[in-house]
Amino acid sequence: MKVCAVDLGDSRTGVAFSDIMMTLVGETEVLREKNTARLLDRLCALFEEKRPGAVAVGCPVNMDGSKGERAERAERIARELAGRTGLRVDLVDERRTTVDAHRILGDNGVYGKKRKNTVDAVAASLILETYMGILKHEEEKR
């Protein structure tokens, strides 16, 4: 089954899809959209096209484990996506994914505008890797 991860941002949202075997990140893209309603429409259209079996929405939990405004927004968007698509939509702790994405890009010589344009997709890929591990662990327990 193909799965998807979403890294929500204020103006850019990273999206990553796995391959059908859930072993690799297959495709990534960045949606540039500030309006939440339009972002939801674009995500639903993308899910209709790519047909993932499940979706992870990155939830920006604070380092102390508490949840702030951004985490509440992620929870609202996850509920809306689940209701509109009928897909399994899970929240995944995304602490440090953007920091790690910047480090990965820097380690690979990606700076400036190119980094700004790809960091959200890399962060979504990191969330996706975590999510694939969660799903595989669930499968092993059955």
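1. Let's start with a term we'll need: a residue is called buried when its relative accessible area is under 20%, and exposed when that figure is over 50%. Keep in mind that what you're looking at is a predicted model.

2. Now try the term out on methionine 22. Its relative accessibility is 7%, so methionine 22 counts as buried. You'll find methionine 22 in the loop between β2 (12-18) and β3 (25-32).

3. Methionine 22 has something else worth a look: its phi is positive, at about 55°, although the residue is not a glycine. Why point that out? Because most residues other than glycine have a negative phi.

4. Arginine 51 also has a positive phi without being a glycine, with a value near 55°. Arginine 51 sits in the loop between α1 (36-50) and β4 (54-59). Is arginine 51 buried or exposed? With 58% relative accessibility, arginine 51 counts as exposed, whereas methionine 22 counts as buried.

5. Next, the pockets. The second largest pocket holds about 170 Å³ of space, and methionine 22 turns up again in its lining. Among the other lining residues are Met1, Ile20, Met21, Arg88 and Arg142. Which helix gives the largest share of this lining? That's α4, with four residues. By class, the lining of the second largest pocket splits into five nonpolar and five charged residues, with no polar ones.

6. The largest pocket has about 300 Å³ of space. Its lining is made of 17 residues, and the ones that lie nearest the centre are Asp7, Leu8, Arg70, Glu94 and Thr98. Sorted by class, the lining of the largest pocket has eight charged, five nonpolar and four polar residues.

7. The axes of α3 and α4 come within 8 Å and cross at roughly 120°. That angle makes α3 oblique to α4, because roughly perpendicular covers 65 to 115 degrees and roughly antiparallel needs over 145. As for handedness, the crossing in which α3 passes α4 is right-handed.

Terms used:
Residues are numbered from 1 along each chain as its sequence is written. This is a predicted model: local features need pLDDT of at least 70, side-chain atom pairs count only at pLDDT 80 or more; totals for chains, interfaces and linings use all residues. Side-chain values use heavy atoms; hydrogens and water are left out. On a 1 Å grid over the protein atoms alone, a cavity is a set of points where a 1.4 Å probe fits but cannot get out, and a pocket is an open set with protein on both sides within 12 Å along at least five of seven lines; lining residues have an atom within 4 Å of a point. Grid points are joined across faces, edges and corners, and a volume is the space filled by probe spheres set on the points. Ala, Val, Leu, Ile, Met, Phe, Trp, Tyr, Cys and Pro count as nonpolar, Asp, Glu, Lys and Arg as charged, and the others, Gly among them, as polar. Helices (H or I, at least four residues) and strands (E, at least two) are DSSP runs, numbered from the N terminus. Buried means under 20% relative accessible area, exposed over 50%, partly exposed in between (1.4 Å probe, protein chains only). Axes are lines fitted to C-alpha atoms, for helices over the stretch in contact, and angles run from 0 to 180 degrees between N-to-C directions. Angles under 35 degrees count as roughly parallel, over 145 as roughly antiparallel, 65 to 115 as roughly perpendicular and the rest as oblique. A crossing is left-handed if the near helix is turned anticlockwise from the far one by less than a right angle, and right-handed if clockwise.
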